[in-house]
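Please read it with the structure open.

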Amino acid sequence: MSKKKHPKSPLYHKNQKKSIGIAKQAINSTEPVENLCKTCAKQDKISGNPVDNQSSTCANPEENSENIVQKAQDSVQKPAKNPVQNSENAIKVTGLHKSFHLPTERASGLKQAIFNWLKGVKGYTEHKVLSGIDFEVKKGEFVGIVGRNGSGKSTLLKLLAQIYIPDSGKIEVNGTLVPFIELGVGFNPELTGRENVYLNGALLGFSNKEMDAMYDEIVHFAELEPFMDAKLKNYSSGMQVRLAFSIAIRARGDILILDEVLAVGDAEFQGKCNDYFASLHGGQTVILVTHSMENVRRFCDRAILIEQGKVAAEGSPEEVAKAYENLWQ
Amino acid sequence: MGFPNILCQKNRILLGELVKTDFKLRYQGSILGYTWAVLRPLLMFAILYIVFAKMLNFGNDIPHYPVYLLTGTVLWNFFTECTGLGINSIVGRGDLIRKISFPKYIIVVSATSTALINLAINLCVIIIFALINGVAPTWTWLLVPFLILELYLFSLGISFLLGAINVKYRDITSIWDVLIQALFYAVPIIYPLSMVLSSGSFGALAGRIIMLNPIAQVIQDVRYTLITDATMTTWSVINNPLLRLVPFLIVIVLLIAASLFFRKKSKHFAEEV
């Protein structure tokens, strides 16, 4: 926990400036798809990766669909090669296990607990959520994690974010990690918009001074200038999400973990989210948990399919997306 | 996760914001607002004063009895408020614990800080009352913050211990409510300690045991330093020099044990809360 970068370190500030730049870029861009392709092309130039069918996110997926189905089925057995090679690990997970205690009878009271203890009843059953997860994320990679409801994605995410402690296994994190399990953590309906911005900022690790500097841009981006002194409970849900999102995209870390919560809101907001994802592509290490195979294909360098607490497939977005869609067949 | 981390800037910012939020939300939607912070102990004092000082004639032998009584009620109020907020803080902030990773003690410290702010406001009221009542200010007043720190650390120890258990067994809140009622009568707030000590051999023993309680020790010591030398303190009631240290030992041992327990349990708060 003490590994986290000090807010005063020069890197922290550098990253922050970058974030403001990204926000501006996001406002100006009207065509998300075009923007994405530009970013992609740029990324390929920088990293010097061969743009083949599997690692390219720009290529039209329909073109080679026949070919890819074949590969996807193979990939369930053998993990595909890593598109970003010869690079340092950002995250390395080995043999991760996690189980939860589900209470069988009501054991939330002291009395019941004593009874259970006297009778030798455990009062809970063990529910295994993750049973041996191994994967690596290289620096600068955009990795998607997919899986059905209840497959253990969120648990994995919370383990990465250090909210849960693993039963066994190891998580090595190289750099600062900023998790977004949910937008607007700590938002309080009784506080004004302004107060909530500072509170949420503090939870993301920003100082008051840093928030002062960013405040106007956050409000401008959320398009909420006239409402900042109104209480949050008087905001519409869309306004709340917009405010939370504009704060969230300011957060900078070496590794960003994004849950699918970012995929809410209307079409315009979706556009902003997509611009944001696209802006992260290239350089920023991102782990995106999503149900949208469209997003996996568009943004991810690599994807991981989690099924029943295990890595069921790992490889190019296309392969994993197919494997995911095959789960229901 | 240890205490050295409290100096880390990120944690300090978070603590500051949480304290601000708690304090702002405290009297949200009430007309009198922060005035309640002062009004509550004053009203409680008024009731106790009418019943015990006027109707039952308690404290005739104690100079400045009204200030004496007010000091007791304010400090007692601080203790109940502090532990009440502290014990429920982890459960109350479950939404944060489930979504971000940060040292959990920040929650307890921020919740109890609200009570500390209220106490600071109330101490100003006590000082005004004392001056009106003709108490002469002395240098010993400067010792009061240290005694309050002792009481705060004691409350913090209780909050860490019971707050951590409360996550799993919510009965703690109800048990504590009853326990604190019993404790109120075990601390010489409304009755003068001299009344207990002079009521037979049982009373003499009970009075000494009462003074081993850190709450009683702090309240009596604050009264002694702030108001009048006529106050009976742990020092004056107990002659054994080792026993005189018992209240301090209770505070230190409880705080260390509770912190370690809290630290161990806090790893699983996110799953259990």
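The points below go from the chains to their contact, and then to single elements and residue pairs.

1. Basis. This is a predicted model, in which local features need pLDDT of at least 70 and side-chain atom pairs count only at pLDDT 80 or more, while totals for chains, interfaces and linings use all residues. Residues are numbered from 1 along each chain as its sequence is written, chains are lettered from A and ligands numbered from 1 in the order in which they are written, and side-chain values use heavy atoms, with hydrogens and water left out.

2. Chain A. The secondary structure of chain A comes to 11 helices and nine strands. Helices (H or I, at least four residues) and strands (E, at least two) are DSSP runs, numbered from the N terminus. Of its 329 residues, 50% are buried; buried means under 20% relative accessible area, exposed over 50%, and partly exposed in between (1.4 Å probe, protein chains only). Chain A exposes about 15600 Å², with 52% of that supplied by carbon and sulfur atoms. Accessible areas come from the Shrake-Rupley method with a 1.4 Å probe, and for residues only the protein chains shown count as cover.

3. Chain B. Chain B has 13 helices and zero strands. Buried residues are 53% of its 273 residues. Among contacts (heavy atoms within 4.5 Å) in chain B between residues at least 6 apart in sequence, 78% join residues at least 24 apart.

4. The contact between the chains. Chain B and chain A bury about 2800 Å² between them, 63% of it on carbon and sulfur atoms. Buried area is the accessible area (1.4 Å probe) that two parts lose on being put together, summed over both. Lys10(B), Lys99(B) and Ser101(B) supply 21% of the area that chain B buries against chain A, more than any other three residues. The contact takes 36 residues from chain A and 26 residues from chain B.

5. Two salt bridges are counted between chain B and chain A, a salt bridge being a side-chain nitrogen of Lys or Arg within 4 Å of a carboxyl oxygen of Asp or Glu. In one salt bridge, the side chains of Lys98(A) and Glu271(B) meet at 2.7 Å, N to O. The elements that give two or more residues to the side of chain B that touches chain A are helices H1 (9-26), H4 (94-99), H7 (171-185) and H13 (269-272) of chain B. H1(B) gives the largest share of that side, 10 residues. Lys98(A) and Glu271(B) also belong to a network of salt bridges with Asp167(A).

6. Helix H6 of chain A. Is this helix buried or exposed? Nine of the 11 residues of H6(A) (residues 193-203) are buried, so the helix is largely enclosed by the rest of the structure. Among the buried residues are Asn196(A), Tyr198(A) and Leu203(A). The cover over them includes H7 (208-222) and H8 (237-248) of chain A together with H1 and H4 of chain B. Just after H6(A), Gly205(A) takes a positive phi of about 95 degrees.

7. Ala161(A). This residue sits in the loop between helix H5 (153-160) and strand S4 (168-173) of chain A. Ala161(A) is buried, at a relative accessible area of 4%. Not counting residues up to four places away in sequence, Ala161(A) touches Leu177(A), Pro179(A) and Ser101(B).

8. Salt bridges within chain B. The side chains of Arg26(B) and Glu81(B) meet in a salt bridge at 2.6 Å, N to O. The pair links distant parts of the chain, with Arg26(B) in H1 and Glu81(B) in H3 (residues 65-92), 55 residues apart. Arg26(B) is partly exposed at 27% relative accessibility, whereas Glu81(B) is buried at 10%. Lys168(B) forms a salt bridge with Glu272(B), the closest N and O atoms being 3.9 Å apart. Here Lys168(B) is in H6 (residues 144-168) and Glu272(B) in H13 of chain B, 104 residues apart.

9. A nonpolar surface patch. Leu242(B), Leu245(B), Phe248(B), Leu249(B), Ile252(B), Ile256(B) and Leu260(B) form a nonpolar patch on the surface, with about 690 Å² of accessible area together. Patches are made of residues with over 30% relative accessible area and no salt bridge: like charges are joined within 9 Å, nonpolar side chains (Val, Leu, Ile, Met, Phe, Trp, Tyr) within 5 Å. Leu260(B) lies in helix H12 (residues 246-265) of chain B, and counts as exposed at 54% relative accessibility.
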